[in-house]
Amino acid sequence: MRDIDTIRAEVCALHAELLRWGLVTWTSGNVSARVPGAELLVIKPSGVSYDELTPETMIVTDLDGRVVAGDHSPSSDTAAHAYVYRAMPEVGGVVHTHSPYATAWAARGEAIPCAITAMGDEFGDDIPVGPFALIGDDSIGQGIVATLRGHRSPAVLMRQHGVFAIGGSAKDAVKAAVMCEDVARTMHLARQLGPVDRLPQPDIDRLHDRYQHVYGQHPAADSPEGAKG
């Protein structure tokens with residue numbers, strides 16, 4: 001099992017990425033990571049300023065949201081994160097933001113149509129809208145899972161709330177949140193110019209497959225890592 005202190009440090013550092021990309025204000029937003037090999041997660045404390053976050057302030061809870069380690073109360077979204085981890089064992093990281101452009105789409109209850117190649121690459125589909133739910137229990141988590149299970153998109157616009165993004169790791173989830181805001185802004189600007197057509201589904205399929213399996217760096221086929229497939 002990876003050392004929990006290492007995961008606390010990673011989760012703390014990833015919160016700085018939310019600030020860097022303009023996805024949060026004041027103390028809003030949160031990043032969590034599953035602890036591999038244990039029924040635990042690491043998440044931001046509730047209501048603590050980003051400039052006060054340290055690895056030691058990150059909270060460890062079980063997958064029911066009960067605090068296992070940490071001196072602060074966990075994020076008010078912990079129950080939602082925990083539900084996602086319980087329901088989707090492939091998920092290693094969850095991110096929540098109120099990034100302005102994506103949240104504007106969420107306020108309208110409108111999915112972001114897959115009309116540019118960057119969306120086909122990263123999301124493989126429209127970015128969907130999930131149901132409205134209040135903070136306080138795992139209702140938001142249930143809505144996230146119901147919307148994203150079986151969907152290509154790693155991000156969901158929770159109606160009249162904000163963005164939740166998932167990934168195989170916390171870093172992957174942060175990337176999805178960053179890209180969600182980027183395409184939300186682009187699509188908003190495009191619609192100011194006139195109607196926007198969704199890409200044909202076969203093109204979306206090809207874009208997504210290429211991005212997932214060809215784009216980026218890959219181990220050489222004859223290397224020990226490449227030999228694993």
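Which residues are buried in helix α2 (residues 78-87)? I looked these up and found T78, A80, H81, A82, V84 and Y85. Buried here means under 20% relative accessible area, exposed means over 50%, and partly exposed lies in between, with a 1.4 Å probe and protein chains only.

**Basis.** I am working from a predicted model, in which local features need pLDDT of at least 70, side-chain atom pairs count only at pLDDT 80 or more, and totals for chains, interfaces and linings use all residues. I number residues from 1 along each chain as its sequence is written, and side-chain values use heavy atoms, with hydrogens and water left out. Helices (H or I, at least four residues) and strands (E, at least two) are DSSP runs, numbered from the N terminus.

**Helix α2.** I then checked what the buried residues of α2 pack against: β1 (30-35), β2 (40-43), β3 (59-62), β5 (93-97), α5 and β8. Contact means heavy atoms within 4.5 Å.

**The sheet.** I traced eight strands in an open sheet, in the order β4-β3-β2-β1-β5-β8-β7-β6, with mixed pairing. The edge strands are β4 (67-69) and β6, each of which pairs on one side only. Two strands count as paired if DSSP finds at least two bridges between them. Strands of a sheet pair through backbone hydrogen bonds, either parallel or antiparallel. For β2 and β3 I noted four bridges and an antiparallel run. L40 has D62 in β3 as its bridge partner.

**Helices across the sheet.** I looked at helix α1 (residues 4-20), which lies across β1, β2, β3, β4 and β5 and runs at about 155 degrees to β1. Helix α3 lies across β5, β7 and β8, at about 55 degrees to β7. Axes are lines fitted to C-alpha atoms, for helices over the stretch in contact, and angles run from 0 to 180 degrees between N-to-C directions.

**Strand β7.** Which residues of strand β7 (residues 155-158) are buried on each side? A155 and L157 are buried on one side, V156 and M158 on the other, and both faces are covered. I found two bridges joining β7 to strand β6 (residues 129-130), and this pair runs parallel. G130 stands opposite M158. With helix α5 (residues 139-148) between them in the naming, β6 and β7 make a right-handed β-α-β unit. Right-handed means that, with the strands pointing away from the viewer, the path from the first strand over the helix to the second runs clockwise.

To strand β8 (residues 162-167), β7 is joined by four bridges, and these two run antiparallel. L157 has V163 as its bridge partner in β8. I noted that β7 and β8 form a hairpin with three residues between them, and that Q160 in the turn has a positive phi of about 55 degrees.

**Cores.** A nonpolar core is a set of buried Ala, Val, Leu, Ile, Met, Phe, Trp, Tyr and Cys residues joined through side-chain atoms within 4.5 Å. The largest one has 45 residues, and those with the most contacts inside it are L18, V31, I112, I127, L157 and C180. Its largest share, 10 residues, comes from α6. A second, separate core of 20 residues includes A82, Y85, M158 and F164.

**E110.** Is E110 buried or exposed? I found it buried, with a relative accessible area of 19%. E110 lies in the loop between α3 (100-108) and α4 (117-122). The side chains of E110 and R191 make a polar contact of 2.6 Å. A polar contact is a pair of N or O atoms within 3.5 Å; within protein, one must be able to donate a hydrogen and the other to accept it, and residues adjacent in sequence count only if both atoms are side-chain atoms.

**S73.** I found S73 in the loop between β4 and α2. S73 is exposed, at 52% relative accessible area. Residues up to four places away in sequence aside, S73 touches P45, S46 and I59.

**Q201.** My last entry is Q201, in helix α7, which counts as partly exposed at 32% relative accessibility. Its side chain is joined to that of D205 by a polar contact of 2.9 Å. Neighbours within four places in sequence aside, Q201 is in contact with G124 and R152.
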